[in-house]
Each structure stands twice: as structure tokens, then as C-alpha cells.
Amino acid sequence: MSPAFDPRPPTRLAALVARFDSLTARTVLVVLLGIGVVHLVSLWTYQISLDREVALSSDARLADRLLAIKRAVMRVPPTEREAVAHDLSGGPVDAHWSLTEHAMSGGGDASRWENLGRRLREVLPELAEDGLVIGAHRRGADDPHLALVSMRLPDQSWVNVGLVAPPVRAAGSHGTLLSTSLMALGALLVSVLLVGWLTRPLSLFADAAKGFYRTRSVTPLPESGPREVRDLAAAFNDMQKRIASLIDDRTQALAAVSHDLKTPITRLRFRIEDLTDPTRAAIAADLDDMERMIDQTLAYLRGERADEEIRSVDLVAILQTIADDFTDRGRPIELGGLPSAVIAGRHLALKRAFGNLVENAVKYAGSVEVAVAREGDRFLVSIRDDGPGIAPADVDRAMAPFVRLEPSRNQSTGGFGLGLPIARAIVEGHGGMLSLGERPGGGLAVTVALPEGGPRG
């Protein structure tokens, strides 16, 4: 059975997924996501390393400045030390001299100055034990933004240097955004060019396959490009030749079979003319059944193509012709929906397919309704009847060749089991789908979806 289709319009999610249903779009998406993730991770690690280096460099410069302040203050008389400390202050550094330390260990931001303390003890070993105190001011211990460094001088007096952490300025994001955008644009262009170059042979293969299906003429592909593409082109050309040869052999075989089978039937028809009724009528009916069976079997084996060219056909006109034919036989068909539905297809093949479907409906139902509707770029033809329908478990069997769901072997109702398979082969050959379902209120609903553009490959 052909895959069922959903008659409802596609959702937004399905439409979004369909946009990425190409090798180019998927490759671009993967490349952009990969480069974006790698770029963001690299920026994050670089920023962490840069902040660490900046902090270490800043602590080293600050330690050198504190060392210079301590040495300058200790070299002048006590009466001048406060003035010298004041002169050396500036920016985030505010130095004072006193007889006692003003710093108190700990504080809300003590961890900020741990590297500074290690640096000072490295350059001033005499401060290693209790000669250095870094923490909050004794009179402002609740202020986490102010840190005080108290360094003891040889005469047991202290240089107290107040430190204010400079405000952290957020790094500008314009450079990062610009670099990321340029990288993404470059990756996008390279991906499109690369995938287009790689997928161009695939497009040629698809066009050649469609052309071979439509015209049945072999058009060799150029065996050029990378080694894999050359091997694929050579295999494709060989496949075309083999398929064309098989089609020619099958056509000749079918023509011979048709002639060889129908010739004896024709001779039998002449011979029964001398027979008396009702024997002659019974034999003639059997010969008619044999001829119909041969015609349907050959039509199934021949497939939907035959030698008919693809041209513009109106589905509504075909269905109207079929409806008029059954109306003339006393079985009116109700036809509704669109006034016209033009597609690219094979007129006789489509007429045979819809004729089989309508004939099946007429055999088992009292009334048959046919409607034509449009959905996007395809036309939907629904054929509904009020007959017994087909059980869901038997749908697959109904699509198989030579299978009759009707229990009796009456040819007037059961047929030869080829009507649906032939119709499905023709519909699928036109790029469409055929599905069987239940009609609301009982009966069978056959839905045929055909693309406006006709066969796609």
C-alpha cells in the first residue's frame, strides 16, 4: 500500500523543518552551530586567562609601588614621614605614617588582596611574620570597598596605605560581536560554496533520472570530477543502459505474449460459431473473461507508462467523462468540487486509473460521490461510496495484485484483483499517492493526491 498522507495543512514546525530539508541548509546550520560554540568557548577561556594575567600584573605593579613608598618613608626623619607619605599618595593609593598599624586582618574583600600579600612578602622578607597586615580599616571594618595595608618599619612605626579597588569596567562587546559576525558570515559563504560544489553532481544525477523517466532516452552523464563522482557517474550511465535494455525487452515480450495469447482466443471464437446454444454462449462468456484477464494482466505488467507523452490534462474533464459514461449505463455519478484541475500527466493512464476506482465503487455501492479539491500545490480527488467498505486489516491486501476481497468468484463483482494495483501504479507514477479509508457513515473513501507539476522522477 502506498504511504498514507495527512490531508491537513502542514504545521509551522513541519514548515520550519522542511526549510532545512536540503544538504546545503543542514551543512550551513551545523557549521554555524559548531563555529559558534567553539568561538564562545574560546572567548570564555581567553577572557578568564586574560583576567588572571591582568590581576597578577596589577598586583605586581601595586607591590612595587608600596615597596617604593615604604623605602622612601623609612629613609626620612620621623617628622617628615607623614609629608612624604602624603606626597607619594595618588589614585587608588592613600599613604600615611603612624606609630601604630591601622589595618585589621580580614574583612569582606580580604581574598581580593591575597596575591598582593604574597607578592609583598616575596620582595620584603622582613615582613614575612607580623610586619604586614592587610585587611579593613579598624574604624571602617564594615566597608568592603576599602582595604588597608600596614607595613612595619625598622623603628617599629608603620606605613598605612589605603587601597581602593579600581572599578571594573565591562569589556566592550562590540569587538566580540563583530568578530563573531564576520566569522559566521565567512563560514556561511564557505559552506554554501563548498556544499554547492559537492552537491552539483547529485543535482545532475537527479535531473538525468527524471529525464530518463519522462523520455526513456539514455542521456550519459559526464564522467568527470573527483574519483567518487566519476565512479558514480559511470555506474549511473551503466544502469541507464541496462534499464533501457530491460524496458525494450519487456515491451517486445509483452507484445509477443499479447499476440500469442489472443490468437488462440480468436480462433476459438470462430470455432464456436457452429455450436448450439446454450453451450456457445457459455464458452463465449469464458473467452470474454479470458480476454479481459489477459488485457488487465498485460496492462499491470506494462505499468503506467506505456508510450504516452506527458502533457497538460484536466482531471475534472477526465472524471466528467467517466461520470457521463456510467450515467449512460444507468449508474449516475455525483461529481463536485473544482470546475477545473489541470496537471501535467498522461491522459489515457489517468483515465484508466480513475476509471478503475470509480468502477470498483459502482460495483459494490448504491451511490458514488466524486469531488475534486486543491491543497497547496496538489489536487485531491476523493471517491466515496456507501458500500460495505474495506476493513482496515484488509487494506494492504486490497492493494496487492491478483487479490480479491470479494469472497465469491463472480467476475461481475470480484474482477481479477488488478484494478487497485493498476490505479496505484499510475498515481504513484505521476508523483501522487493513493489511500483507502472509511467513509463517515459507512462505505469506502478513496483519496488520490496528485501534484500540479506532474511526475517528479
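Helix packing

Author: Helix α9 and helix α12 (residues 419-429) pack at an angle of about 145°, their axes being 9 Å apart. Axes are lines fitted to C-alpha atoms, for helices over the stretch in contact, and angles run from 0 to 180 degrees between N-to-C directions. Helices are DSSP runs (H or I, at least four residues), numbered from the N terminus. This is a predicted model, in which local features need pLDDT of at least 70 and side-chain atom pairs count only at pLDDT 80 or more, while totals for chains, interfaces and linings use all residues. Residues are numbered from 1 along each chain as its sequence is written, and side-chain values use heavy atoms, with hydrogens and water left out.

Reader: Is the crossing of α9 and α12 left-handed or right-handed?

Author: A crossing is left-handed if the near helix is turned anticlockwise from the far one by less than a right angle, and right-handed if clockwise. For α9 and α12 the crossing is left-handed.

Reader: Is α8 parallel or oblique to α9?

Author: Helix α8 (residues 315-328) and helix α9 (residues 347-364) pack at about 45°, with axes 10 Å apart. Angles under 35 degrees count as roughly parallel, over 145 as roughly antiparallel, 65 to 115 as roughly perpendicular and the rest as oblique. The angle therefore makes α8 oblique to α9.

Reader: Which residue lies over the face of Phe326?

Author: A charge sits over a ring if NZ of Lys or CZ of Arg is within 6 Å of the ring centre and within 35 degrees of the ring normal. At 4.6 Å from the ring centre of Phe326, the residue over its face is Arg329.

Notes
Helix = DSSP H or I, 4+ residues; strand = E, 2+ residues; numbered from the N terminus.
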